[in-house]
Amino acid sequence: MEGIIYPMDGTLYEAKKAVARHIKDMHHSVFDYLLKMDKKYTGLSDHQKELLHFFSKGFSDKEIVRELNVGSPSTVRNHRFKLKEKEKQAKVFLAIMNLLNKQSDNQREDNFVQFHKGAKMVDDRYATTEKEKEKVLSTYFKQGTDGKLDKFPSKEKRKLIVLQNIVNRFERDKKYTEKEVNGILKTIYNDFATIRRYLIEYGFMERSRDCREYWIKD
C-alpha cells in the first residue's frame with residue numbers, strides 16, 4: 001500500500017520497490033509470474049506458455065524443437081505467427097473496450113461490478129451491474145451497507161454481492177484468528193459460521209491448513 005514502508009532482509013522498501021523485490025525473489029520476473037497465471041486470465045494453453053518461455057530466452061526455432069522433442073522448425077514458426085496475430089487482436093480488443101468504457105462513464109448503472117481475482121467458477125453469476133448491486137444491498141442491508149445483514153440470500157448471484165460487501169469489513173493486509181473472524185461476522189449476522197464458510201468457498205478469504213489464520217484473498 002502507498003505510504004507504507006516494508007522491511008525486507010534488513011532493508012526498508014517503499015511499496016512499489018517492495019513489490020518488485022517480491023516478484024524477483026518469488027517469481028524471478030514479472031514475465032514468469034504472468035506466464036504462470038491460470039488460463040482463465042491469460043487465454044494461453046500450456047504449449048503456448050512453453051513456447052513463450054523459450055522465446056523469452058532467445059531460443060531459435062531449431063533449438064526449441066530439440067528442447068521439446070516435437071514438431072519441426074516450421075511448426076514453431078507457425079506458432080510464432082499465431083501468437084503475433086493474437087497480440088494484434090488483443091490490442092484492437094483493448095482499444096474497443098476502452099472506448100466502450102468511456103462511452104458508458106455516464107451510464108453507471110450499465111457498468112459491471114468488478115469481483116475479486118480469487119473468484120471461483122466465474123460464470124453468469126458474476127454478470128452483475130452496479131444498478132443490480134445497489135438494489136441487492138439495499139434489500140439485504142436495510143440499515144445501510146455498514147449495518148447488519150437482515151437475511152442471507154439463497155440465490156447465488158445475490159450471495160456474491162452480499163459477501164463482497166461483508167469482506168470490506170476486514171483489513172486487506174492483516175492475518176486474523178478464527179475467533180477474530182467470528183467476532184467481526186457476529187456483528188453482521190447471527191449465523192456467522194455460514195458467512196465464514198461462504199467467504200472461503202467463493203474465494204473472498206483464505207485460511208491456513210490448521211485453520212489458525214484467515215486473511216483476505218488478494
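User: Which residues of helix 7 are buried?

Analyst: In this predicted model, helix 7 spans residues 130-140, and its buried residues are E130, V136, L137 and Y140. Viewed down the axis of helix 7, these buried residues fall within an arc of 120°, so they line one face of the helix.

User: And what sits on the face turned away from the buried side?

Analyst: That face of helix 7 carries the exposed residues K131 and K135.

User: What covers the buried residues, then?

Analyst: The cover over the buried residues of helix 7 includes helix 8, which runs over 156-167.

User: How many salt bridges does the count come to?

Analyst: The count comes to eight salt bridges. Among them is the one between K175 and E213, whose closest N and O atoms are 4.0 Å apart. K175 lies in the loop between helix 8 and helix 9, and E213 in the loop between strand 3 (205-207) and strand 4 (214-216), so this pair ties together parts that are 38 residues apart in sequence.

User: How accessible are K175 and E213?

Analyst: K175 is partly exposed, with a relative accessible area of 46%, and E213 also counts as partly exposed, at 36% relative accessibility.

User: What about R197 and E201, where are they and how do they meet?

Analyst: The side chains of R197 and E201 meet in a salt bridge, at 3.6 Å from N to O. The two residues belong to helix 10 (residues 192-201), and because they are four residues apart there, about one helical turn separates them. R197 is partly exposed, with a relative accessible area of 43%, and E201 is partly exposed too, with a relative accessible area of 41%.

User: Which residues are linked in a network of salt bridges?

Analyst: K84, E87 and K91 are linked in such a network.

User: Switching to D61: where is it, and is it buried or exposed?

Analyst: D61 is placed in helix 5, which covers residues 61-68, and at 13% relative accessibility D61 counts as buried.

User: What is D61 in contact with, leaving aside its neighbours within four places in sequence?

Analyst: With those neighbours set aside, D61 is in contact with P73, V76, R77 and R80. As for R77, its C-alpha is 6.8 Å from that of D61 in space, although the two residues are 16 residues apart in sequence.

User: On the surface, which residues form a nonpolar patch?

Analyst: V30, Y33 and L34 form a nonpolar patch on the surface, and together they have about 260 Å² of accessible area. Y33 is located in helix 2 (residues 30-35), and at 36% relative accessibility Y33 counts as partly exposed.

User: Zooming out, how many helices and strands are there, and in what order do they run?

Analyst: The protein has ten helices and four strands, and from the N terminus on the elements run β-β-α-α-α-α-α-α-α-α-α-α-β-β. Of the contacts with a separation of 6 or more, 42% are accounted for by residues 24 or more positions apart.

User: What share of the residues is buried, and what does the accessible surface come to?

Analyst: Buried residues make up 31% of the 218 residues in the protein. The accessible surface comes to about 15400 Å², and 52% of it belongs to carbon and sulfur atoms.

User: Last one: where is confidence lowest, and where is it highest?

Analyst: Confidence is lowest in strand 1 (residues 5-8), with a mean of 60, and highest in helix 9 (residues 178-186), at 95. The protein as a whole averages a pLDDT of 83, and 76% of the residues score at least 70. Where pLDDT is low, the predicted coordinates should not be read in detail.

Conventions: Residues are numbered from 1 along each chain as its sequence is written. This is a predicted model: local features need pLDDT of at least 70, side-chain atom pairs count only at pLDDT 80 or more; totals for chains, interfaces and linings use all residues. Side-chain values use heavy atoms; hydrogens and water are left out. Buried means under 20% relative accessible area, exposed over 50%, partly exposed in between (1.4 Å probe, protein chains only). The arc is that of the directions from the helix axis to the C-beta atoms. Contact means heavy atoms within 4.5 Å. pLDDT is the predictor's confidence in each residue, from 0 to 100. Patches are made of residues with over 30% relative accessible area and no salt bridge: like charges are joined within 9 Å, nonpolar side chains (Val, Leu, Ile, Met, Phe, Trp, Tyr) within 5 Å. Accessible areas come from the Shrake-Rupley method with a 1.4 Å probe; for residues, only the protein chains shown count as cover.
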